[in-house]
Amino acid sequence: MPTETTTKRGRPGYDQQSVLRIAVDVFNRHGYDATSMGILAENLGISKSAIYHHVPSKGDLLKLALDHALGGLEAILEEPAATSGPADARLEFVLRQTIAVLVDRLPFVTLLLRLRGNTEIERDALERRRAFDHRVAELISAAREDGSLRQDIDPRTVTRLLFGTVNSIVEWYKPGGSLSPEKLADDLITMAFDGLHTAV
């Protein structure tokens with residue numbers, strides 16, 4: 001059993017995931033560029049050198065955080081329900097799962113959506129995000145072509161409006177509140193696919 005003398009100093013109860021979660025919260029509050037290792041150390045209550053036991057640099061923390069957000073989104077597109085069946089059903093599945101990932105990994109996705117592309121790590125992440133968006137746009141086009149979605153709205157407009165709606169969730173959604181992730185997804189799907197007019 002580890003004793004107090006075998007525990008490394010300067011790391012009271014933290015592992016890499018704990019450091020990462022706190023770092024993401026700090027990045028979201030102050031902005032990645034404005035956050036120094038000193039600010040991170042102050043928020044963690046440990047020394048800067050103790051942070052380096054967990055990660056080599058601030059950039060590595062950013063990369064881990066963005067990989068967590070993007071990995072969740074990219075995995076959706078490999079699910080069977082996203083790769084087979086009618087295009088509109090695949091689109092609905094992807095949108096529902098995107099909301100689920102967004103809510104489950106809210107601070108990480110928030111960080112992703114606020115990137116400015118100032119570093120190579122950020123630019124790589126933005127490229128992965130664009131690739132995800134492009135795959136969803138292809139589903140929208142496929143659903144239009146097979147007649148399951150209306151064709152009188154430009155598909156680029158549909159794509160931008162859908163992504164704008166989904167991405168705005170990070171700015172106002174409060175996990176644990178009265179609106180569950182499932183109801184949030186239901187409401188977005190209903191509004192996107194059926195509109196706001198009452199059924200006649």
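User: The expected span of a helix is 1.5 Å times one less than its number of residues; how far apart are the end C-alpha atoms of helix 1?
Analyst: This is a predicted model, in which local features need pLDDT of at least 70, side-chain atom pairs count only at pLDDT 80 or more, and totals for chains, interfaces and linings use all residues. Residues are numbered from 1 along each chain as its sequence is written, and side-chain values use heavy atoms, with hydrogens and water left out. Helix 1 has 15 residues (residues 16-30), so it should span 21 Å. The distance between its end C-alpha atoms agrees with this: 21 Å.

User: How many helices and how many strands does the protein have?
Analyst: Helices (H or I, at least four residues) and strands (E, at least two) are DSSP runs, numbered from the N terminus. From the N terminus on, the elements run α-α-α-α-α-α-α-α-α-α. The secondary structure therefore comes to ten helices and zero strands.

User: What percentage of the 200 residues is buried?
Analyst: Buried means under 20% relative accessible area, exposed means over 50%, and partly exposed lies in between (1.4 Å probe, protein chains only). The C-alpha atoms of the protein fill a box of roughly 70 × 35 × 30 Å, taken along the principal axes. Of the 200 residues, the buried share is 36%.

User: Which helices do the buried residues of helix 1 pack against?
Analyst: The buried residues of helix 1 are Ser18, Val19, Leu20, Ala23, Val24, Val26, Phe27 and Asn28. Packing is judged by contact, which means heavy atoms within 4.5 Å. These residues of helix 1 pack against helix 2 (37-44), helix 4 and helix 7.

User: Is Val24 buried or exposed, and which residues does Val24 touch?
Analyst: Val24 lies in helix 1. Its relative accessibility is 0%, so Val24 counts as buried. Not counting residues up to four places away in sequence, Val24 touches Ala65, Pro107, Phe108 and Leu111.

User: Are helix 4 and helix 7 roughly parallel or roughly perpendicular to each other?
Analyst: Axes are lines fitted to C-alpha atoms, for helices over the stretch in contact, and angles run from 0 to 180 degrees between N-to-C directions. Helix 4 and helix 7 pack at an angle of about 105 degrees, with their axes 9 Å apart. Angles under 35 degrees count as roughly parallel, over 145 as roughly antiparallel, 65 to 115 as roughly perpendicular and the rest as oblique. Helix 4 and helix 7 are therefore roughly perpendicular.

User: Which residues of helix 7 make the contact with helix 4?
Analyst: The contact has two sides. Helix 4 brings Leu62, Ala65, Leu66, His68, Ala69, Leu70 and Leu73. Helix 7 brings Phe108, Val109, Leu111 and Leu112.

User: What is the angle between the ring planes of Phe27 and Tyr32?
Analyst: Rings of Phe, Tyr and Trp (its six-membered ring) pair if their centres lie within 6.5 Å; planes under 30 degrees apart count as stacked, over 60 as edge-to-face and the rest as tilted. By this rule there are two aromatic pairs. Phe27 and Tyr32 form an edge-to-face pair, 5.0 Å centre to centre, with the planes at 75 degrees.

User: How far apart are the ring centres of Trp172 and Tyr173?
Analyst: The planes of Trp172 and Tyr173 stand at 80 degrees, so the pair is edge-to-face. Trp172 is partly exposed at 43% relative accessible area, while Tyr173 counts as buried at 4%. The ring centres of Trp172 and Tyr173 are apart by 6.2 Å.

User: The charged end of which residue sits over the ring of Tyr32?
Analyst: A charge sits over a ring if NZ of Lys or CZ of Arg is within 6 Å of the ring centre and within 35 degrees of the ring normal. Tyr32 counts as buried at 13% relative accessibility. The charged end found over its ring, 4.2 Å from the centre, belongs to Lys58.

User: How far apart are the end C-alpha atoms of helix 8?
Analyst: Helix 8 runs over residues 120-145, which is 26 residues. At 1.5 Å a residue, helix 8 should span 38 Å. The end C-alpha atoms agree with that figure, at 37 Å.

User: Which residues does Arg135 touch?
Analyst: Arg135 lies in helix 8 and is partly exposed, with a relative accessible area of 35%. The C-alpha atoms of Arg135 and Leu77 are 8.1 Å apart, although 58 residues separate them along the chain. Leaving out residues up to four places away in sequence, Arg135 touches Leu77 and Glu78.

Conventions
The expected span of a helix is 1.5 Å times one less than its number of residues.
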